[in-house]
Amino acid sequence: MTLADSRIDRYRTRTLTEVPPIERNDPTVWGRITSPELANFDADGYAIIDQLLSPEEVADFSIEIDRLASNPELRLDERVIIEKKSNRVRSIFEVHKISRAVAELIRDERVVGLARQVLGSEVYIHQSRVNYMPGFEGAGFYWHSDFETWHAEDGMPAPRAVSLSIALTENYSFNGSLMVMPGSQNTFVPCQGETPSEHYRESLKEQEFGVPAHAEIATMANKHGIAQFTGPQGSALLFDSNIMHGSSNNITPFPRSNIFVVFNSVENTLQEPYAAGDARPTYIASRDFEPVR
Ligand SMILES: O=C(O)CCC(=O)C(=O)O
Ligand SMILES: [Fe+2]
C-alpha cells in the first residue's frame with residue numbers, strides 16, 4: 001500500500017514493526033459442500049481426496065511432466081525455476097499454458113468442481129505449476145501462508161482461494177510431503193519486513209521475506225498441531241489459501257512431484273499489491289480473470 005492508497009486493508013503485513021496475529025473475518029467455505037471428501041474442509045482448512053486421478057492418468061501425467069522438465073528450450077523460459085544447489089528444475093509455472101493435458105485436467109469437473117464448492121462462485125486460475133522435488137537434494141518450503149504473499153505481493157483482497165496439489169509420485173511422510181496446521185486458516189499471521197523489489201526472483205527458490213516469526217509458528221503449532229498430507233499417486237490435497245503449511249527437504253531417493261493449481265473466486269480478483277511495489281509477473285499471479293469452464 002502506498003500513502004495515497006485509500007483501501008481498507010484488513011490483512012496488514014510486511015510491516016516495519018511486529019504486528020499481532022489477526023483473526024480471519026472471512027469464511028473458509030463460501031459455497032455449499034457436496035463432496036463427502038470435503039466434509040471437514042470448513043473446520044480443518046484442508047481435505048484429502050484419496051483417488052482423484054486413475055493410475056492410467058497418473059502414468060500419462062508423469063510422462064508429460066518428465067517431458068517438460070527435460071525440454072532444453074523450456075530451461076531458458078522464465079517460468080521455469082531451477083533449484084539453487086542442484087541446478088535441477090524446481091517448478092514450472094503456468095503449466096496449464098505449457099501443457100494442453102494439464103489445461104484439460106484443470107477444467108475437469110472432478111478438479112474445478114472442488115474449488116467451486118468451497119469458493120461459492122465461478123473460479124479462475126490464479127496460478128498453476130508443477131513442483132518437482134527431486135530425491136536427495138529437493139529443498140523444502142519453509143512455513144508460510146500463501147495468502148500472505150498473494151495479498152502483499154499480488155493484491156489479492158481476501159482469502160477466497162484454494163490450492164489443489166495432485167500427487168504424481170507417492171507422497172510419503174519422509175520425502176518432503178506437505179505439512180499443514182489444521183484450523184490455522186482462521187488466523188492471519190502478519191510478517192515483518194518490507195518486501196524488496198523483484199522479491200519473487202529469490203523467493204521462488206528460497207523465501208526470506210513473508211515468513212512468520214518463530215514465536216508465531218510455535219504458537220500456531222501448539223494450538224493446532226501439525227498434520228501431513230501423505231498418499232499414493234493420484235491422491236490430492238485441497239487447502240485454504242491462508243493455512244499455515246510447509247515442507248522439509250527431501251533427502252530420500254524418492255522424488256516428490258506434484259501438480260499444483262490455485263483457484264481464486266471471480267469475486268476476489270487481484271488489485272494493486274497491498275505491501276509491495278510492482279505486481280509480480282502474470283505467470284506467477286494471473287490477471288486473466290476468465291472463469292474456468
Ligand atoms: O510443494 C510444496 O512442498 C509446497 C509448495 C508451496 O507451499 C508453495 O509453493 O507455496
Ligand atoms: Fe505454499
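Analyst: Rings of Phe, Tyr and Trp (its six-membered ring) pair if their centres lie within 6.5 Å; planes under 30 degrees apart count as stacked, over 60 as edge-to-face and the rest as tilted. This is a predicted model, in which local features need pLDDT of at least 70 and side-chain atom pairs pLDDT 80 or more, while totals for chains, interfaces and linings use all residues. Residues are numbered from 1 along each chain as written, chains are lettered from A and ligands numbered from 1 in the order written, and side-chain values use heavy atoms, without hydrogens or water.

One aromatic cluster comprises Y11, F147 and F188, and the structure holds nine aromatic pairs. Because Y11 belongs to the segment before β1 (22-23) and F147 to helix α7, the pair ties together parts 136 residues apart in sequence (helices, H or I of at least four residues, and strands, E of at least two, are DSSP runs numbered from the N terminus). Y11 is buried at 1% relative accessible area, and F147 at 0% (buried: under 20%, exposed: over 50%, partly exposed in between; 1.4 Å probe, protein chains only).

Helix α7 spans residues 146-154, and nine of its nine residues are buried, so the rest of the structure largely encloses the helix. Among them are D146, W150 and H151. Just after α7, G155 adopts a positive phi of about 75 degrees.

H144, like D146, is buried.
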